[in-house]
Amino acid sequence: QLHRAFAPRFFRAWDRFFHRSELRGHGRRGSLFDRVSGTCHRVLLLLLFYFTTSADEKVLCLVFGISPSSLSRFINIGMLALIRTLKHLPEARIAWPTAEEMAFYASLIKAKFPDLLFTPIGFIDDLNA
């Protein structure tokens with residue numbers, strides 16, 4: 001879970017690293033995403049749906065009202081923008097705990113699961129086992 005202060009910084013970085021010109025369609029009319037303001041946030045919403053739901057691409061096409069080829073293009077462009085955005089934000093980096101932090105977390109796991117026959121050697125943040 002991210003701190004509330006992270007969201008505004010994320011959206012400012014997303015707006016900076018998302019290049020709307022990459023979305024231009026090959027046809028004359030372009031897509032709905034090309035013609036509507038707030039496109040960069042719609043692509044981010046599309047990515048969140050894509051990453052967090054079990055819906056397949058056909059469902060996403062129906063939900064967002066776009067063709068399969070546009071969906072594929074928006075996902076690819078959005079992922080590139082997301083990578084650029086996350087590389088820019090220090091809060092998004094992977095940080096390994098220190099030896100003291102690992103020992104502390106291992107003791108918490110051991111306290112929660114006293115029947116373990118071994119000492120925990122790893123953990124995943126925000127996972128309730």
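These questions and answers walk through a predicted model of a protein.

Q: How many helices and strands does the protein have, and what pattern do they follow along the sequence?
A: The model is predicted. Its secondary structure comes to six helices and zero strands. Read along the sequence, the pattern is α-α-α-α-α-α.

Q: What share of the residues of the protein counts as buried?
A: A residue is buried when its relative accessible area is under 20%. The protein has 129 residues. The share that counts as buried is 26%.

Q: What share of the accessible surface belongs to carbon and sulfur atoms?
A: The accessible surface of the protein comes to about 9,700 Å². The part that belongs to carbon and sulfur atoms is 62%.

Q: Are helices α3 and α5 roughly parallel or roughly perpendicular to each other?
A: Helix α3 covers residues 39–52. Its axis and that of α5 are 9 Å apart, at an angle of about 95 degrees. Angles of 65 to 115 degrees count as roughly perpendicular. The two helices are therefore roughly perpendicular.

Q: How do the residues of the contact of α3 with α5 divide into nonpolar, polar and charged?
A: From α3 come Val 43, Leu 46, Leu 47, Tyr 50 and Phe 51. They meet Leu 71, Phe 74, Ile 75, Gly 78, Met 79 and Leu 82 in α5. The division is ten nonpolar, one polar and no charged.

Q: Which word describes the angle of α1 to α5?
A: Helix α1 spans residues 6–17, and helix α5 spans residues 68–88. Their axes come within 9 Å and cross at roughly 125 degrees. That angle makes α1, relative to α5, oblique.

Q: Is the crossing of α1 and α5 left-handed or right-handed?
A: The helices meet through residues including Phe 10 and Trp 14 in α1 and Leu 82 and Leu 86 in α5. The residues of this contact divide into seven nonpolar, three polar and two charged. As α1 passes α5, the crossing is right-handed.

Q: Where is Leu 86, and how exposed is Leu 86?
A: Leu 86 lies in helix α5. Its relative accessible area is 35%. Buried means under 20% and exposed over 50%. Leu 86 falls in between, so it is partly exposed.

Q: Which residues is Leu 86 in contact with, leaving aside its neighbours within four places in sequence?
A: Contact means heavy atoms within 4.5 Å. With neighbours within four places in sequence left aside, the contacts of Leu 86 are Phe 10 and Ala 92.

Q: How far apart in space are Leu 86 and Phe 17, C-alpha to C-alpha?
A: In sequence, Leu 86 and Phe 17 are 69 residues apart. In space, their C-alpha to C-alpha distance is 9.7 Å.

Technical notes: Residues are numbered from 1 along each chain as its sequence is written. This is a predicted model: local features need pLDDT of at least 70, side-chain atom pairs count only at pLDDT 80 or more; totals for chains, interfaces and linings use all residues. Side-chain values use heavy atoms; hydrogens and water are left out. Helices (H or I, at least four residues) and strands (E, at least two) are DSSP runs, numbered from the N terminus. Buried means under 20% relative accessible area, exposed over 50%, partly exposed in between (1.4 Å probe, protein chains only). Accessible areas come from the Shrake-Rupley method with a 1.4 Å probe; for residues, only the protein chains shown count as cover. Axes are lines fitted to C-alpha atoms, for helices over the stretch in contact, and angles run from 0 to 180 degrees between N-to-C directions. Angles under 35 degrees count as roughly parallel, over 145 as roughly antiparallel, 65 to 115 as roughly perpendicular and the rest as oblique. A crossing is left-handed if the near helix is turned anticlockwise from the far one by less than a right angle, and right-handed if clockwise. Ala, Val, Leu, Ile, Met, Phe, Trp, Tyr, Cys and Pro count as nonpolar, Asp, Glu, Lys and Arg as charged, and the others, Gly among them, as polar.
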